[in-house]
Amino acid sequence: TADANTATTATNAELFARAQAAIPGGVNSPVRAFRSVGGTPRFLVSARGPYVTDAEGREYVDLVAGWGPAILGHANPEVIAAVQDAASRGLSFGASTPVETELAELIEQRVAPVEKLRLVSTGTEATMSAIRLARGFTGRDLLVKFAGHYHGHSDGLLAEAGSGLATFALPGSAGVPADVAALTLVVPYNDLDALRAVFAEHGDRIAAVITEAAAANMGVVPPLPGFNRDLVDLAHAHGALVISDEVLTGFRVSKAGWWGIEAGTDAAYTPDLVTFGKVVGGGMPVAALGGRAEIMERLAPLGPVYQAGTLSGNPVAVAAGVTTLRLADDAVYAKLDEVSGLLQREVSAALSAEGVAHGVQVAGNLFSFLFGEAVADGAHDYAGVLAQESWRYAPFFHAMLDAGVSLPPSVFEAWFVTAAHDEDAVSRIVDALPAAARAAASA
Ligand code: PMP
């Protein structure tokens with residue numbers, strides 16, 4: 001084959017068969033396999049603005065946006081130029097570069113609780129390192145997380161709640177030792193009483209609470225007003241830290257992430273550590289953990305908490321991140337909000353027109369839909385989300401895909417807009433909705 005990454009004569013089905021022979025499940029990250037919606041995943045070869053193109057040469061309006069990073073749209077010319085320029089000067093040095101400091105400064109200027117910051121390559125690394133740092137700083141072992149929140153695939157975070165209000169977790173994946181999972185306590189989201197109960201019982205052993213700043217990995221579930229503030233106050237009263245995971249929300253929902261949305265309101269809160277990913281890499285592998293200087297300075301080489309990475313602060317990747325953040329001005333966020341609001345209303349109207357009861361879940365410009373009468377008023381925790389008629393999503397998804405719109409291939413994911421979603425892209429989405437709503441209605 002010539003260039004494996006340009007249009008091919010192979011179909012998506014042929015490429016998937018070949019991939020399955022070479023790669024477990026044919027994918028390098030599970031949700032890409034379309035398991036929850038069925039059918040053949042599209043093998044993509046290029047992306048530009050609000051569109052992606054598959055190996056068969058078919059174009060789709062994209063509402064995945066690389067799972068979040070592409071706030072400016074795909075292949076923004078200035079970002080691509082910055083990457084090409086950086087690449088022409090060498091791919092990886094394993095030494096410090098000026099541009100790393102620039103990215104750290106950009107983040108620190110926008111998110112006040114971040115006084116110092118370290119770059120890593122994935123969101124998983126960021127949360128894993130933040131947890132080690134919280135344990136090293138407090139000298140405690142237990143971690144509290146919320147049911148339905150996702151923080152990457154490190155052992156202690158792949159933990160599920162057992163029965164009961166708040167229990168020591170069971171492993172959520174084969175290969176996670178029970179002893180490791182047992183260090184994680186899982187609590188229902190937005191339930192301050194449950195959190196209080198956990199602190200009353202184990203407070204002096206809890207190193208940190210980790211929480212998505214606004215949950216968006218079970219579909220979107222925003223924090224109830226004041227929940228982030230109250231959980232920070234509660235954790236601090238017990239000498240525990242709060243790790244606010246903004247891997248998904250950071251620099252997507254506002255210029256200062258979810259923290260920026262609540263800052264200046266009476267729900268304002270100050271987390272001890274914050275994790276970032278996705279947008280801070282502009283589509284390249286960059287993530288970060290940051291926070292109070294006193295805590296961050298416990299990291300090696302200053303302190304005893306070890307953390308490192310051959311590719312950390314990679315100059316080509318960081319060039320994409322810096323350029324993306326510089327271009328993400330107020331106009332970009334206003335556009336993201338506008339497109340998001342418009343799509344929320346259009347999807348909701350199309351579903352209503354076909355008599356499909358549904359709820360709309362919103363956190364900033366992130367949104368998702370819940371299907372069924374039982375969830376028409378929305379959900380504020382994982383149990384609430386699971387109460388929906390999730391089977392209505394697959395036919396909806398496939399009707400949209402057939403019409404040239406690429407949605408997240410699971411009902412438990414947020415929809416992502418970009419600032420490049422112009423009138424043409426939006427009208428292609430809107431035109432596809434009636435047939436998709438009919439498919440959801442008859443499921
Ligand atoms: N935290 C959150 C909130 C996320 O959404 C994700 C990824 N979706 C992660 C952590 C893990 O990031 P990565 O996939 O880059 O390891």
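This is a predicted model: local features need pLDDT of at least 70, side-chain atom pairs count only at pLDDT 80 or more; totals for chains, interfaces and linings use all residues.
Mentor: Residues are numbered from 1 along each chain as its sequence is written.

Trainee: Why is K278 called buried?

Mentor: A residue is buried if 20 or more other C-beta atoms lie within 10 Å of its own, exposed if 12 or fewer, and partly exposed in between, with C-beta atoms placed from the backbone. K278 has 27 other C-beta atoms within 10 Å and is therefore buried. K278 is found in the loop between β12 (273-276) and β13 (287-291); strands (E, at least two residues) and helices (H or I, at least four) are DSSP runs, numbered from the N terminus.

Trainee: Which residues does K278 touch?

Mentor: Contact requires C-beta atoms, placed from the backbone, within 7 Å. Not counting residues up to four places away in sequence, K278 touches W67, G68, P69, G123, V247 and L248. An unreviewed UniProt entry lists K278 for "modified residue: N6-(pyridoxal phosphate)lysine"; such annotations may be inferred rather than shown by experiment.

Trainee: Which residues come nearest to the ligand?

Mentor: Of the 15 residues around the ligand, those are G123, T124, G152, V247 and L248; the criterion is a C-beta atom, placed from the backbone, within 6 Å of the molecule. Helix α4 (residues 123-138) gives the largest share of this shell, three residues.

Trainee: What makes strand β10 largely enclosed?

Mentor: Seven of the seven residues of strand β10 (residues 206-212) are buried, so the rest of the structure largely encloses this strand.

Trainee: How do you know that β10 and strand β11 pair?

Mentor: Two strands pair if DSSP finds at least two bridges between them. β10 and strand β11 (residues 241-246) have five bridges, in the parallel sense, and T211 stands opposite S244 in β11. From β10 the chain crosses through helix α7 (residues 227-237) to β11 in a right-handed β-α-β crossover. Right-handed means that, with the strands pointing away from the viewer, the path from the first strand over the helix to the second runs clockwise. Strand β5 (residues 142-146) also pairs with β10 in the parallel sense, over three bridges.

Trainee: What makes β1 and β16 edge strands?

Mentor: Four strands form an open, mixed sheet in the order β1-β2-β3-β16. β1 (44-48) and β16 (405-406) each pair on one side only, and are the edge strands.

Technical notes. Two residues are in contact if their C-beta atoms, placed from the backbone, lie within 7 Å.
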